[in-house]
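User: Hi! I am new to protein structures and would like to learn how to read one. Could you walk me through this one?

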Amino acid sequence: MALRNILDHNDPDSDVRLRKVSRPVTEFNERLWTLLDDMYETMIHDGVGLAAPQVGVLRRAVVIDVGDGKHELVNPKIVSQEGDQYGSEGCLSIPGEYGMVHRPQKVTIQAQDRYGKPFELTAEDFFAVACCHELDHLDGVLYIDKADRMLTPEELEEA
Ligand code: NI
């Protein structure tokens with residue numbers, strides 16, 4: 001496993017890549033497994049989720065761990081959602097900033113595992129936020145596009 005470089009939205013060339021729509025994963029091979037392993041190792045100390053485009057790979061794969069273990073979602077799709085929650089979000093591609101975002105309270109997702117096997121997952125509360133945030137990355141969407149305001153430096157100090 002190896003750490004990968006995370007694209008930073010503040011760098012114009014990186015931002016162009018973060019804004020692209022990722023393509024579906026079609027090959028469930030060693031290359032994908034290495035990518036997923038590297039993504040998890042890259043994100044686990046500082047974040048709760050990472051999408052492949054954040055490490056420069058425009059493929060539809062994300063890893064998430066909100067404290068209950070590793071979730072790998074390949075070619076994920078939200079098939080239903082309900083409720084609303086509102087809270088602060090950050091992103092490893094937007095260092096040092098946080099913004100307030102509305103998200104569904106609960107989402108059901110269909111995805112494939114690293115071997116291509118389909119499964120369905122229901123996520124609630126913060127896990128649902130993480131899923132929505134990471135899936136947005138696959139369509140070139142960042143949370144700052146959806147935030148109704150960013151936290152001020154004073155608020156960040158208090159947090
Ligand atoms: Ni992010």
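Predicted model: local features only at pLDDT ≥ 70, side-chain atom pairs only at ≥ 80, totals over all residues.

User: How many helices and strands does the chain have, and in what pattern do they follow along the sequence?

Analyst: Helices (H or I, at least four residues) and strands (E, at least two) are DSSP runs, numbered from the N terminus. Here there are four helices and eight strands. Along the principal axes, the C-alpha atoms fill a box of roughly 45 × 35 × 25 Å.

User: What percentage of the residues count as buried?

Analyst: Buried means under 20% relative accessible area, exposed means over 50%, and partly exposed is in between (1.4 Å probe, protein chains only). By that rule, 44% of the 159 residues are buried. As for contacts, meaning heavy atoms within 4.5 Å, residues 24 or more positions apart account for 65% of those with a separation of 6 or more.

User: Where does Met39 lie, and which residues does it touch?

Analyst: Met39 is in helix H2, which covers residues 30-43. Its relative accessibility is 0%, so Met39 is buried. Leaving aside residues up to four places away in sequence, Met39 touches Leu50, Ala51, Ala52, Val55, Ala61, Val62 and Val63. Met39 and Arg4 are 35 residues apart along the chain, and their C-alpha atoms are separated by 6.9 Å.

User: Thr34 and Gly69 are also 35 residues apart in sequence; what is their distance in space?

Analyst: From C-alpha to C-alpha, Thr34 and Gly69 are 18 Å apart. Thr34 lies in helix H2 too, but Thr34 is partly exposed, with a relative accessible area of 37%.

User: Is Glu89 buried or exposed?

Analyst: Glu89 is buried, at 5% relative accessible area. This residue lies in strand E4, residues 85-91. Beyond residues up to four places away in sequence, Glu89 touches several others, including Tyr98, Arg103, His133 and Tyr143. Glu89 and His102 are 13 residues apart in sequence, and 9.8 Å separates them C-alpha to C-alpha.

User: What should I look for in the phi angles?

Analyst: Most residues other than glycine have a negative phi. Asn75 is not a glycine, yet its phi is positive, about 50°. Asn75 sits in strand E3 (residues 71-82) and is buried at 16% relative accessibility. Asp125 also has a positive phi, about 55°, without being a glycine. Asp125 belongs to helix H3 (residues 125-137) and is partly exposed, with a relative accessible area of 43%.

User: How many disulfides does the structure hold?

Analyst: A disulfide is a pair of cysteine sulfur atoms within 2.5 Å. The structure has zero of them. Take Cys132: the closest cysteine sulfur to its own is in Cys131, 6.8 Å away, which is too far for a bond. Cys132 is buried at 6% relative accessibility, and Cys91 is buried with a relative accessible area of 10%.

User: How many positive and negative side chains does the chain have?

Analyst: Lys and Arg count as positive and Asp and Glu as negative, while His and the chain ends are not counted. The chain has 16 positive and 30 negative side chains, and the centres of the two sets lie 10 Å apart. Each charge is placed at NZ of Lys, CZ of Arg, CG of Asp or CD of Glu.

How values were computed:
Residues numbered from 1 in each chain as written. Heavy atoms only, no water.
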